[in-house]
Amino acid sequence: MIELIIIALSIFLLFIITLWKRRSPANLREISAFTRLYRTLGLSMEDGTRLHISLGRGSLLDAHGGSALAGLAMLRHIAERTSVSDQPSVASAGDPALGLLAQDTLQAGYQAAGVEELYVPTAGRVTGLSPFGFAAGAMHIAQNENVSANIMVGHFGSEAALLAEASDRESVIMIGASDDLIGQAVLFANTQDALIGEELFAAGAYLGAGVSHIASLTVQDILRWLVILTLLGGAVAKFFGQI
Amino acid sequence: MRVFTAVIAIAAGILILGGYFLQNIFPALADVQTLLLNWAIIMAGAATLVGIFNLISVHTDKVRRREQGSIYSALLVICLVAALLFGMILRPDHSAMKVVMSGIIIPVEAALMGILTISLLYAAIRLLRRRADVMSFIFLITAVLIIFSSVTLPFANIPGLNTFGRWMTQILALGGARGILIGVALGALTTGLRVLFGADRPYGGN
């Protein structure tokens, strides 16, 4: 019942705040990784290099689906921005269904940019089905396809270090975010601007993907405060022997 | 077409969500939920085959264009097709297939795991060169303390280090990890809701 209440409250807040945010401009705090990402998008177009967006190996049928969907939302925006480049972006995934959705998302980005004829289906790839197989395939892209930035958003474990190492060897900019704690620790040690925790889900809002993305950040903040108050309330109640 | 796919996706999402929470009130929703999830599992299986063909198509294309590193692509395609064919003919539990698994695939993955260990150590050494801030110092010092508190030291145990390490992993790290996971869960919830109501549509075009 609590879960249903949380979901209903989230839907209500998302709806109300989306309507509200249409009228008032968003005020987002600066996250250096997104500033770098925004700059990288423009630079890659100018210097004729491509971006490699790695969506991780999160299956849409399990708990990692959220991070996979966040990665796809970001891919959609990047595809639209870079579709007219000489070297269009490449997306890699470690889950077949996610790979298919990556292709569809890339195509949607090209459609939105009005250049659907430039879309190549092999721009969305499944590079491997096991964690290390996926990382090895993604490393190959980073090393051999004139990539200027590796953007990793999705579910990554310790194998992220291999991809980070390959990027570092090629002097490729690396921006990484994972929903996995081990993956986050590895990316923190390996990247200049690591994204921690829920920052993974903020990419769309920072890249200007739409008002619903900004609204969902506000909803997350409200829910987080509710969780904090509940935890503090529980601790106080326990202290006074009410629980 | 875009509206049609969105309607199907939103309806399927609402029915599955309803199946979780309202099955006591509407028992039929549980059956619909099971049916839709079974379809999703079957489609995920079919997607695996499509993914394999995508892999073959990408790498044959690289070989055809003689791109940089195409020798590895050729090797990958040959090994993949051979493993697929022999796996289908001999079946996965055949002794030859087991030899391929235990003699090639597992050692290669283990080797990558070994490389990963060195990569992580190297990343830790370079961390301060890459980003010399307070968080990096805390990260490194914590990592070193945890390592020293969990390994057997050759000279002698440092008094209190084991207790400190346990306190750090079971109180500080666990609390922090839970905080991060709650943030991730809230992010996944709002992302899922955006997809559920069609604000984000990672399917069927725009």
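This is a predicted model: local features need pLDDT of at least 70, side-chain atom pairs count only at pLDDT 80 or more; totals for chains, interfaces and linings use all residues.
Local features were considered at pLDDT of at least 70 and side-chain atom pairs only at pLDDT 80 or more, whereas totals for chains, interfaces and linings use all residues. Residues are numbered from 1 along each chain as its sequence is written, with chains lettered from A and ligands numbered from 1 in the order in which they are written.

Chain A contains an open sheet of six strands in the order β3-β2-β1-β4-β5-β6, with parallel pairing. Helices (H or I, at least four residues) and strands (E, at least two) are DSSP runs, numbered from the N terminus, and two strands pair if DSSP finds at least two bridges between them. The edges are formed by β3 (124-126) and β6 (193-195) of chain A; each has a single partner strand, so one side of each is left without a neighbour in the sheet. From one strand to the next, the twist averages 15 degrees; angles run from 0 to 180 degrees between N-to-C directions, and axes are lines fitted to C-alpha atoms, for helices over the stretch in contact.

Strand β4(A) pairs with β1(A) in the parallel sense over six bridges, and A:Ser54 stands opposite A:Met152 in β4(A). Six bridges also join β4(A) to β5(A), again in parallel, with A:Met174 in β5(A) as the bridge partner of A:Asn150. Of the nine residues of β4(A), eight are buried, where a residue is buried if 20 or more other C-beta atoms lie within 10 Å of its own, exposed if 12 or fewer, and partly exposed in between, with C-beta atoms placed from the backbone. Strand β5 (residues 173-178) of chain A is joined to β6(A) by three bridges, the two strands running parallel; A:Ala177 stands opposite A:Leu195 in β6(A).

Two helices were examined against the sheet. Helix α4 (residues 96-113) of chain A lies across β1, β2 and β3 of chain A and runs at about 175 degrees to β3(A). Helix α6 (residues 160-169) of chain A lies across β1, β4 and β5 of chain A, at about 165 degrees to β5(A). Contacts of A:Leu163 include A:Ser54, A:Asn150 and A:Met152, not counting residues up to four places away in sequence; two residues are in contact if their C-beta atoms, placed from the backbone, lie within 7 Å.

The largest nonpolar core comprises 84 residues, of which A:Leu55, A:Leu75, A:Ala91, A:Ala102, A:Val153 and A:Leu163 touch the most other members. Such a core is a set of buried Ala, Val, Leu, Ile, Met, Phe, Trp, Tyr and Cys residues joined through C-beta atoms within 7 Å. Helix α3 (residues 65-82) of chain A provides the largest share, nine residues.

Chain A is divided into domain 1 (30-209) and domain 2 (210-243), with bounds from an automatic or database domain assignment. Their C-alpha centres lie 31 Å apart, and five residues of domain 1 are in contact with five residues of domain 2.

Between the chains, 55 residues of chain A are in contact with 50 residues of chain B. The largest share of the chain A side, 10 residues, comes from α4(A). By class, this side has 30 nonpolar, 17 polar and eight charged residues, where Ala, Val, Leu, Ile, Met, Phe, Trp, Tyr, Cys and Pro count as nonpolar, Asp, Glu, Lys and Arg as charged, and the others, Gly among them, as polar.
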